Amino acid sequence: MLWTAASVVALGFLIMLEVAARHYGLPGPMTNQAKEVILAPKSGPLLYASMALMMVVLTWRQRFIAAGVAVGIDIVFFLVRWMIDAKMMFGNGALWVILGCAVIAVTRRTGKERVLLLKGVGLGLLLVAGRKTGDTWLLITSKTRPMVLDQYVATADHALGDPSWLAGRIVEATGTVGEHVLDYVYIQLAVAAVAVALYQLRNVATERRFPGHHLVRTFLVIGLLGPGIYMIFPVVGPIFAYGADGGHWAVANLWPDTPPPLGTPHQMPFDEFTPRNCMPSLHTAWATAIFIHSRKGPRVLRWAGAFWLIATLGATLGFGYHYGTDIIAGVVFTLTIEAALRAFDRGWDRSGIQLVTYGTVVFAAFLVSYRYLPMEMAEYPWVFGPLLVLAMISVIYGYIRTIRLWEQEPGAAAVRQPKPQPELV
């Protein structure tokens, strides 16, 4: 029933976004995804990562066959595009395999095997659809929010020492090598998430069921709720509001060399195509989720999760996409969502309700203070800077303490590592 309800809600959400995009004369997420069946995909690695996620329900023999079919289809597409001098990109084969598995599930499987395969297909398609819905959400924010609040956030950012300006100068000093590494990390965040998710879901094929909680759930909920905050608190980022990329819409060309001078902030108009996608930083939120879920993995996965978080923070700040205030809001946003999903999975109790409530209150307090107390924050940085950081640390501490208590409860280990049930095999 839960999977059915989630599927219905997801379909309704996609239809709503499709209608909204059509209202502005552009194709929506469903149309863009349908085009990638034949046309060059936007991201080939993402499609193959989605196929890998779907294949957790398959046997090793089936995985090799599926991967071979996907590569074979892509080779054919590559040759055809090369002959007609079309845009080159791989990934169609992976999408064809995912859709083919959906057809096989409906026509060749029955009972629990059909449900399991459809769950795998749905998981892969949700990751792909998440990218398309995100693009549409960004379009909606730029069209419906003509005024942005960057001056408020930049003023409040004085309390943290203007970290985006500092990080921007550091990235410039590293040269092209540092920029390329951070750019790759920033772009391929979803692929890193799939790597962690594959480890968490490695036993699905043998146990014939999914674990109660895994990274993909957190990733999708972050992507679902985050754009709603964009609509409430529209911000374009320092490289646009205070940099050359903003053109004549920018306050001045200050980033990253000169922090903005202190002055009374005002709402400011901006163009109709730059996404209002800063508050909170969802890249930070997703990287934080990857870090959290990699803690239970082997050493190489733990190191990779830590590297991805640090590099993502460097990219979001160093490329001028976010302010420091966005970053700490993104961390609290993730921990609150992660706590809510874990509490839902194990059953709500007092500790879970308290943690989620506290995280929500701190996140709301961040937004309210950025909007209504930016001047006070900038004038007294040695008061408000530590307060902001301590508020974030308090949520981190509360999350760690609560999760450890849950894991120490009798029977928790059995819940985390369920044994195969004969009736499900």
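In the predicted model, Phe366 is in contact with Ile328, Ala329, Val332, Leu388, Ala391 and Met392, leaving aside residues up to four places away in sequence. Together with Tyr370, Phe366 touches the most other members of the largest nonpolar core, a set of 72 residues. The greatest contribution to this core, 10 residues, comes from helix 15 (residues 324–346).

The UniProt record, an unreviewed entry, assigns the feature "transmembrane region" to several segments, among them residues 37–57, 64–84 and 90–107. Residues 64–84 are 100% helix and 0% strand in the model, with the end C-alpha atoms 31 Å apart.

A nonpolar surface patch is formed by Val71, Ile75, Val76, Phe78, Leu79, Val80, Trp82, Met83, Ile84 and Met88, whose accessible area together is about 1,000 Å². Trp82, a residue of helix 4 (residues 60–84), is classed as exposed because its relative accessibility is 62%, against a cut-off of over 50%.

Eight salt bridges are present in the structure. In one of them, Glu113 pairs with Arg208, with the closest N and O atoms 2.7 Å apart. This pair joins distant parts of the chain, 95 residues apart: Glu113 is in helix 6, and Arg208 is in the loop between helix 10 (204–207) and helix 11. Glu113 is partly exposed, at 31% relative accessibility, whereas Arg208 is buried, since its relative accessible area is 15%.

Glu407 forms a salt bridge with Lys296, in which the closest N and O atoms are 3.3 Å apart. Here 111 residues separate Glu407, in helix 18 (residues 381–407), from Lys296, in the loop between helix 13 (282–294) and helix 14 (299–318). Glu407 is partly exposed at 25% relative accessible area, and Lys296 is exposed at 59% relative accessibility. Arg346 and Asp349 form a further salt bridge, with a closest N and O distance of 2.7 Å; Arg346 is partly exposed at 31% relative accessibility, as is Asp349 at 24%.

Methods
Residues are numbered from 1 along each chain as its sequence is written. This is a predicted model: local features need pLDDT of at least 70, side-chain atom pairs count only at pLDDT 80 or more; totals for chains, interfaces and linings use all residues. Side-chain values use heavy atoms; hydrogens and water are left out. Patches are made of residues with over 30% relative accessible area and no salt bridge: like charges are joined within 9 Å, nonpolar side chains (Val, Leu, Ile, Met, Phe, Trp, Tyr) within 5 Å. Accessible areas come from the Shrake-Rupley method with a 1.4 Å probe; for residues, only the protein chains shown count as cover. A salt bridge is a side-chain nitrogen of Lys or Arg within 4 Å of a carboxyl oxygen of Asp or Glu. Helices (H or I, at least four residues) and strands (E, at least two) are DSSP runs, numbered from the N terminus. Buried means under 20% relative accessible area, exposed over 50%, partly exposed in between (1.4 Å probe, protein chains only). A nonpolar core is a set of buried Ala, Val, Leu, Ile, Met, Phe, Trp, Tyr and Cys residues joined through side-chain atoms within 4.5 Å. Contact means heavy atoms within 4.5 Å. UniProt positions are given in the numbering used here, feature names are shortened, and annotations may be inferred rather than shown by experiment.
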